[in-house]
Amino acid sequence: MRSMRQAILFLLIILLMATFSLPINAHISPTFTLEEKTIVEIQKSMESGDITSKQLVQLYLLRIAEYDKHGPRINSVLEINPDALQIAEALDRERAAKGPRGPLHGIPILLKDNIGTDDKMHTSAGSMALANHHAPEDSYVVQQLREAGAVILGKTNMTEWAGFMSDFMISGYSSRGGQVLNPYGLGNMDVGGSSSGSAAAVASNFATVAIGTETAGSIIYPSSRNAIAGIKPTVGLVSRYGIIPVSHSQDTVGPMARTVADAAILLQSLAGADPRDPATVTNVHQADIDYTKCLQASGLRGARIGIPRYYYTQLSENEQKIMKKAIDSMEQQGAVIIDPVEIPSAAELDQSESGVLSYELKTNLNYYLSKCSVNVPVHSLKELIAFNNNHPKEMLKYGQNRLVNAEMTSGTLTEPEYIKGKIKDLHLSQQEGIDFAIKRHQLDALVFPSFEGSNITGKSGYPAVTVPAGYTSAGVPVGITFTAMAYSEPTLIKLAYSFEQATRHRIPPRM
């Protein structure tokens, strides 16, 4: 069935190409190459007339057909927006008449499949249970992207229910989309957390940029594993309205791109206060920040960087060497390295599980599913579990113990265990965690290897920015992740950009 769906998608792409009489390569400058193009570079090419948004969309669609559904079969793109070419052509006409709206005008963007769009595409969180679900309205982030002039190219595959279906589910697998592969090691390399489709698609140059979501590592983890830049914003910087939820305490939405600059440009359009998401009420002044002004090549000079060695103990010898080179490079760029830095709560956070996510999953998912149309077969967590049980071959390849555990809670968030666990998580991750280290050593940021700090940044709701740091001898990408306290995105972007410009570790995968 999956191969049939892929064949249908491939045919749809070809039909879309044939719908328009203009040859794909007509008027495209012979010097224009799609691979690794940044937003700024594409905008310059559009301004000079070397390429149009419509032609750009066609080129990305052909690349998806060639490498995502054929050849190496990365399987990162779950659905193509049937209106993408028409939208791009309309934006080209608008550019000619009025000029571009901004840096995202005509830029093709892929969205994780839990992000709602009011169009012909589905929003399913990777589950066959929601295969026929159409969101009743655009999510906040999609509203922002459309207003900025972006072209929503399609939806990306993801770990089903953002990884909160089963303890045993492999990253990048969903019943609706199958398994996403890491383009750096097809079938032999971990693709990362639940935003794996977005990461693999960006790494493979199937779109200019993509959007992911994170609860506990789902942007940072796949970004690190696919040698791209990822920003996990502070919970409250970007509205979660219209996104299939897991946890109101930890869920956030963020950009995934091949460069820090592209991620910063994308974040600029996403940030903002939204009365439909209470977490954004403290964000009223953050929307005025211009994140592109944080792109400073000398950003590491004089910065105080802390190294929490607890999070380095599980690294392989190869990974240790990569991180040592990364730290040495920061020092060479003028950073002040504080090594080691203690995070008092690190061990306790890793060894104890509060269960907060299970309690919140039921409350949040029940609310979302209750609003789905009658065409959807499930309208509660209980009905979802029953649907999966009734279709075990398709739905239960890895089980659903996380969903079952969540259903055993009351759904009222009144359990003492939940209340105490949530307060404890915040205390350990903030006051006895990141806050403690930052304040004690007067740090600008902490540096974690790859995704090792995702638990503490997830529970605290604090931001993180990851960039490529190198590759193991087996070719596995390794990232370096900067984090600090709430709404420290400007500082983290500055540091990550400075490191990126000094090292330039990203190498495109050999497709």
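**Charged and aromatic contacts**

Reply: Start with K54, which is buried at 8% relative accessibility. The model is predicted. K54 meets E89 in a salt bridge, with 3.9 Å from N to O. Helix 3 (residues 53-68) holds K54 and helix 4 (residues 84-98) holds E89, so this bridge ties together parts 35 residues apart in sequence. E89 itself is partly exposed, at 23%. Buried therefore applies to K54, since 8% is under the 20% cut-off.

That bridge belongs to a set of 23 in the structure. Take D277 and R240 next. Their side chains meet at 2.6 Å, N to O. D277 lies in the loop between helix 8 and strand 9 (304-306), and R240 in the loop between strand 7 (229-232) and strand 8, so the bridge joins parts 37 residues apart in sequence. Both partners are buried: D277 has a relative accessibility of 4%, and R240 one of 14%.

Now a network. E36, R258 and R506 are joined by salt bridges that share partners. Within this group, R258 bridges E36, and their closest N and O atoms are 4.0 Å apart. This pair links distant parts of the chain, 222 residues apart. R258 sits in the loop between strand 8 (252-257) and helix 8 (260-270). E36 sits in the loop between helix 1 (2-19) and helix 2 (39-48). R258 is buried, at 4%. E36 is partly exposed, at 24%.

Charges also meet rings. R276 lies over the face of Y241, 4.0 Å from the ring centre. K37 places its charged end over the ring of F32, at 5.1 Å from the centre.

Last, the rings themselves. The whole structure has seven aromatic pairs. One of them is Y184 with Y471, a tilted pair with 6.1 Å between centres and 35 degrees between planes. Y184 comes from the loop between strand 5 (178-179) and helix 6 (196-203), while Y471 belongs to strand 12 (residues 464-471). The two are 287 residues apart, and the pair links distant parts of the chain. Y184 is buried, at 16% relative accessible area. Y471 is partly exposed, at 23%. Elsewhere, Y310, Y311 and F448 make up one aromatic cluster.

Conventions
Residues numbered from 1 in each chain as written. Predicted model: local features only at pLDDT ≥ 70, side-chain atom pairs only at ≥ 80, totals over all residues. Heavy atoms only, no water. Phe/Tyr/Trp six-rings, centres within 6.5 Å; stacked < 30°, edge-to-face > 60°. Helix = DSSP H or I, 4+ residues; strand = E, 2+ residues; numbered from the N terminus. Buried < 20%, exposed > 50% of the residue type's maximum accessible area, 1.4 Å probe, protein only. Lys NZ or Arg CZ within 6 Å of the ring centre and 35° of its normal.
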